[in-house]
Every structure is written in structure tokens, then in C-alpha cells.
Amino acid sequence: MKDASVSRSGTTRPPRLAPAPRPGAVLAARLPGCAARLPGLALAVGVALVATALGRLVPVVGGPVSGIVLGVVVAVAVRPGDRMRPGIAFAGRGVLQAAVVVLGAQLSLDQVLRVGVGSLPVMIVTLAVCLAAAYGIGRRLGVVRDLRTLIGVGTGICGASAIAAVTPVIGAAEAEVAYAVSTIFVFNIAAVLTFPALGHLLGMGQHAFGLFAGTAVNDMSSVVAAATTYGGPAADYAVVVKLARTLLIIPICLGLAALARRRARTEDARANAGAAGSGRGLPGPVRIGRLVPWFLAGFLVLAAVNTAGLVPSGAHGPLSTLAVFLITVALSAIGLSTEPSRLRRTGPAPLVLGGCLWLVVSATSLAVQFLARYL
């Protein structure tokens, strides 16, 4: 092995030294896969525990939103190093997917179907209008595709849970997830504060307000807060409507997965055609079996198991708490990996989009109820 080289002039030059790798990167490379994730995962869990405690003190805010805010604060103040990155990445993706699976335990499909049949027109129309508005208004405002998709499904379906399900399907960036969750949270608070007064102003009954809250408010904690303020029967009905609305995650994820695969195939075909100088870049066929992410299949399996009565009633509460905590861990990790400079560069346009969609969904829900003579 040569330690030095000789130049043409006959002088000896010192050997070229490779740049020294960062200590954290060396340690992460040496540790086995699971062990490498432990430091970052532990940090995300620690932030989530603090966020959960804060969420219990302020239920309207909740643990998931507190987690993403605390994660961003820690990222700015401490800047987790390379040693933390594998675990933070795993928490932001793997734990997020596991949370979606556990959400299925909250669903009793027979109960959801009974209530869902009556509320289905309101849910379908509000979702369709919301997604169309997200596309149209989002493009007008210059909001990037993945971010407007996250805000659209978060507003149209079920807030952080829908964002959690859609994020791995479309491969959204951490900064986009952070901004979408924060935007949804702002208008959840607005709904909790204004919807009960609006319901009394319109003379809505308990059933009608429960349907309104279940279709126009996003996260479950905010649905419960708004509907409970209006009355017990409204809260009971709103919760079931909200659970039925959660099922809309399935067709939306399948549709987005199909679009993502078709877009990827088209881009690959165009790249290959450009390199070869021929070809039209048409997408190949989409296989249905590959559209169903494993966590969405797990969501359905757990919902079916619960519907069959195989999940003890005493386990429903702990499983619901576990699902929320897993989402909190995942969002804490997303906060930890977020670069605030990217959020600042995004500007106020996504917040404006969220406000427009909140108004559109609220007005559409009331309009459909009026036309269907629910009001």
C-alpha cells in the first residue's frame, strides 16, 4: 500500500486523506438497525409524554398538536444530531403507520353503517366539495401539491388521523405535515368556540347538530368538545358520525396511492423516453393489490375483529388512548425533524387555504342538511 505519491517534478506529495466522518454518523452505522433507532425513538417518546400531559391539561389542544409544537421547539433549541436521526425517522413513519392500524379498534362497522347510511350524503358531498376546493383554491394560492392534499384530507375527513394515513401514501415531507396539522388545529379551535353558538342561532336540534359537528369538525377531541357543549345526545351522535367519517380514509388512500403510482410511472417513462429519444411516456397499468398499504389493511382487519366482538369492551378505551399516543409520538418526531426555515419559506398561503376549506366544509354540511330536510 502506498503512503505517498511522487509528482512529475520528483517531489513527494502527502497522501490524500478522506474527510473524517461525523461521530454520530459512525456510531449510527455501527449499531444494528434496531439499536440505532433507540436514541431518536426515546427522544420522540419523551416529547410525546410531555405533550400528552399538556394535552390533558388543555383537552381542546390535545396531545398530537402539543407534540408537533414541542418537537419543533426542541429541534430549534437542541438540534438533534445524526445519532438521533434513525429513530426520529422511524417514529415519524413506522409509528405513524402503526397508529393508523390501532385506530381501527375504535370502529364497530355495524354501528357505523347504521348511522353512516343516514349521514352518508352529508359526508360524501362535504368531502367531495372540500377536495375540489383544496385543489382549486390551493393552486390559486400557490400551495404545493402534497401540502394542499394534506390540508384537504385533514379538513374533509378527520384531521390528524387522516393526515397520518395519507402521509406515507404520498410521501409528504415533514415540514408539510407539520404545517398541515397546525393549520387543521387552528380551525378546530375556531369550530369548538363558534359552532355551538351557531347551532343555537339556527335552532338546530341535538341530532342535526351532532351530524353537523361530526361532518364539519376534524379531530375527535374537538368533535367531542363542540358537541358536548351543545348537549349529550348531540355528542353521542357526533362521535358515531365522526367514526363513520373515518372510513373515508380507505377510498381516499387508495385513490391517492393510484395517482402516486401513475405519476411515478409517467415520470419514469418520460425520463426513459428522453434518454432514448423516443417513446410517449405513458403510464403502465396500476395493480390494485399494490395500492393497499399494509397499515390500511391492518386498519380494516382490526375494525372487522372489533365488529365481530373479539375485542373486549374493556379494551376499547386503552386502545383508543394507545392510538392517540402513537400519533402523538409520530407527530413529535415530525416536529423534531422539521426545519423552521422551511415553514417560514412556505408563508401564510396554507393557513389561508385551511381557513377557506373550513368555511367551505361548514357551509356545505349545513346546506346539504337543509336540502335533505335534516334541519
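**Polar and aromatic contacts in a predicted model**

The side chains of Asp 82 and Arg 85 are joined by a polar contact of 2.9 Å, a polar contact being a pair of N or O atoms within 3.5 Å in which, within protein, one atom must be able to donate a hydrogen and the other to accept it, and residues adjacent in sequence count only if both atoms are side-chain atoms. The structure is a predicted model, in which local features need pLDDT of at least 70 and side-chain atom pairs count only at pLDDT 80 or more, whereas totals for chains, interfaces and linings use all residues. Residues are numbered from 1 along each chain as its sequence is written, and side-chain values use heavy atoms, with hydrogens and water left out.

The protein chain contains 15 helices and two strands, taken as DSSP runs (helices H or I, at least four residues; strands E, at least two) and numbered from the N terminus. Of its 375 residues, 47% count as buried (buried, under 20% relative accessible area; exposed, over 50%; partly exposed, in between; 1.4 Å probe, protein chains only). The accessible surface of the chain comes to about 18,300 Å², and carbon and sulfur atoms account for 66% of this area, as calculated by the Shrake-Rupley method with a 1.4 Å probe. Among contacts (heavy atoms within 4.5 Å) between residues at least 6 apart in sequence, 81% join residues at least 24 apart.

Side chains of opposite charge can pair when their charged atoms come close. Two salt bridges are counted under the criterion of a side-chain nitrogen of Lys or Arg within 4 Å of a carboxyl oxygen of Asp or Glu. One is formed by Arg 85 and Asp 82, at 2.9 Å from N to O. Asp 82 is located in the loop between α3 (63–77) and α4 (85–103), and is buried at a relative accessible area of 17%. Arg 145 and Asp 146 also meet in a salt bridge, with an N to O distance of 3.9 Å. Arg 145 is partly exposed, at 40% relative accessible area, while Asp 146 is buried, at 18%.

Five aromatic pairs are present, defined by rings of Phe, Tyr and Trp (its six-membered ring) whose centres lie within 6.5 Å (planes under 30 degrees apart, stacked; over 60, edge-to-face; the rest, tilted). The ring centres of Phe 209 and Phe 212 are 6.0 Å apart and the planes stand at 70°, so this pair is edge-to-face. Both residues belong to helix α8 (residues 206–216), where they are three residues apart, about one turn of the helix. Phe 209 and Phe 212 are both buried. Phe 209 also pairs with Tyr 230 in a stacked arrangement, with 4.0 Å between centres and 10° between planes. Phe 209 is in α8 and Tyr 230 in α9 (residues 220–230), so the pair ties together parts 21 residues apart in sequence. Ring pairs link Phe 187, Phe 195, Phe 209, Phe 212, Tyr 230 and Trp 358 into a cluster.

Tyr 230 is among the buried residues of α9, together with Ser 222, Val 223, Ala 226 and Ala 227. Viewed down the helix axis, the buried residues of α9 fall within an arc of 115° and therefore line one face of the helix, the arc being that of the directions from the axis to the C-beta atoms. Their cover includes α7 (174–202), α8 and α10 (232–246). Just after α9, Gly 231 adopts a positive phi of about 160°.
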